[in-house]
Amino acid sequence: MKNNTFKLLIAAAGLLLCGGASASDFGLDALGAEDIRVIQADVRAPAPQVAADELIGVDMNVRVPYKTLKKATLMVAAGERRLTIINKDAPVVFKSGEFLRISNIHIDANGISVTPTLTLKPYLEAKNRLAIRVQRIQLHASMEPSVKAASLPVINEEEVMMQVMDVMIKGVYTALNNFLKEKQIPMKAEDVVRMQYNKADWTLRATVSSRIMGQFIPPGLVGELHLTGFSFNDSGLVLTIQTAG
C-alpha cells in the first residue's frame, strides 16, 4: 500500500509541470529511500470511531527528479499529437538559475508550428495551489502550408502562449484520464487536479486534490493529505506533503 501511495504522489507531482501518466510508466520502481524522505510520522492505532487526532499523521518531502518529469512529458505527448519531443535524448525540464526552463518541445498551435523555450517561476500560492508564472518565452514560429493558403492569423507572444498552454493542459488531462481508466478509478482528471491559465498575468494555476488517495488508503487511517511546500534544485523538484491542517 505504501509503495502505491508514494508512487501516485510522485506521478501527481510530475503532471503539475509537464504531464501525467501511470507511475509504473515513469520507471518509479527504481525509487529508493533517498528519493522519499519521511520527516515525521505520528502513527496511532485508529479506533472504530476515529477522531481527527487519532489518524496517522504524515509530514514528508518527496523528490521528483527531472528525468521523471521528462518521462511524464513523453506520456503526455503520446496522448496529445499536437505536442512532440524534439530530441528524446535531451533534457526537457531543468533548473536555470532561480528559474525552471522547459525546452526541446514542439507544439502545433492551430496550424502554427511553435518551438518554445519557457522560463518559469513555480511557487506555492496557497495550500494545494501551485502557480507557474511564465517569466520569459523565446519561440520560433512558422506557418503550416495549409495555414499559408488561408488568411494569415494574428501572431503575438500572448496568443501563442495561450495555444501552448491549451495543448499542455489538455495533454495532461488526457494522460491522467487514461491512467484513471486503466486503474479502474471512477474519477476524472479534473477531480485530481484543476488547471487554468490566466493570460493577463501569464500564470498557470493548478489546484490539486487528495481525493484519489481514498482509492489506495483505507478510510479512517490517514488524515487528508495536502501539498504544503514546493521548491526545486539542480536534481529535481521537492514537494512537501502533510496531513497537518
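Me: Which backbone oxygen does the side chain of Thr73 reach?
Reply: That of Leu69, at 2.8 Å. The model is predicted. Thr73 lies in helix α2.

Me: Why is Thr73 called buried?
Reply: Its relative accessibility is 4%. Buried means under 20%, so Thr73 qualifies.

Me: Which other residues of α2 are buried?
Reply: Tyr66, Thr68, Leu69, Lys70, Ala72, Val76 and Ala77 are buried in α2, along with Thr73. In general, residues three or four places apart on an α-helix point the same way, because there are 3.6 residues a turn.

Me: How do you know that the span of α2 agrees with its number of residues?
Reply: Helix α2 covers residues 66–79, which is 14 residues. At 1.5 Å a residue they should span 20 Å. The end C-alpha atoms are 20 Å apart, so the two values agree.

Me: How far apart are Thr73 and Val172, in sequence and in space?
Reply: They are 99 residues apart in sequence. C-alpha to C-alpha, they are 8.6 Å apart in space.

Me: What makes Phe230 and Phe232 an aromatic pair, and why is it called tilted?
Reply: The ring centres are 6.4 Å apart, and the cut-off is 6.5 Å, so the rings pair. The structure holds 1 aromatic pair.

Me: Is Phe230 buried or exposed?
Reply: Buried: its relative accessible area is 16%, and the limit is under 20%.

Me: Why is Thr240 called buried?
Reply: Thr240 has a relative accessible area of 17%. That is under 20%, so Thr240 counts as buried. It sits in strand β12, residues 236–242.

Me: What makes Thr240 and Asn61 a polar contact?
Reply: Their side chains come to 3.0 Å. The limit is 3.5 Å, so the distance is within it. Beyond four places in sequence, Thr240 also contacts residues including Asp59, Met60, His226 and Leu227.

Me: How do you know that Ser113 is buried, and what does its side chain contact?
Reply: Ser113, in strand β7, has 13% relative accessibility, so it falls under the 20% limit. Its side chain makes a polar contact with the side chain of His106 at 2.5 Å.

Me: What makes β4 and β5 a strand pair?
Reply: Pairing needs at least two bridges. Strands β4 (residues 93–96) and β5 (residues 99–102) have 4 bridges, so they pair, in the antiparallel sense. Val93 stands opposite Ile102. The hairpin has 2 residues between the strands, and Gly97 takes a positive phi near 65°.

Me: How do you know that β5 also pairs with β7?
Reply: There are 3 bridges between β5 and β7 (residues 112–126), and at least two are needed, so they pair. The sense is antiparallel. Leu100 has Leu120 as its bridge partner in β7.

Me: How confident is the predictor in the chain?
Reply: The average pLDDT is 78, and 72% of the residues score at least 70. Over residues 1–9 the pLDDT is below 50. Over residues 18–48 the pLDDT is below 50 too, and that stretch has 73 contacts in the model beyond near neighbours in sequence.

How values were computed. Residues numbered from 1 in each chain as written. Predicted model: local features only at pLDDT ≥ 70, side-chain atom pairs only at ≥ 80, totals over all residues. Heavy atoms only, no water. Buried < 20%, exposed > 50% of the residue type's maximum accessible area, 1.4 Å probe, protein only. Polar contact = N/O pair within 3.5 Å; in protein donor to acceptor, adjacent residues only side chain to side chain. Contact = heavy atoms within 4.5 Å. pLDDT = per-residue confidence, 0-100. Phe/Tyr/Trp six-rings, centres within 6.5 Å; stacked < 30°, edge-to-face > 60°. Expected span 1.5 Å × (residues − 1).
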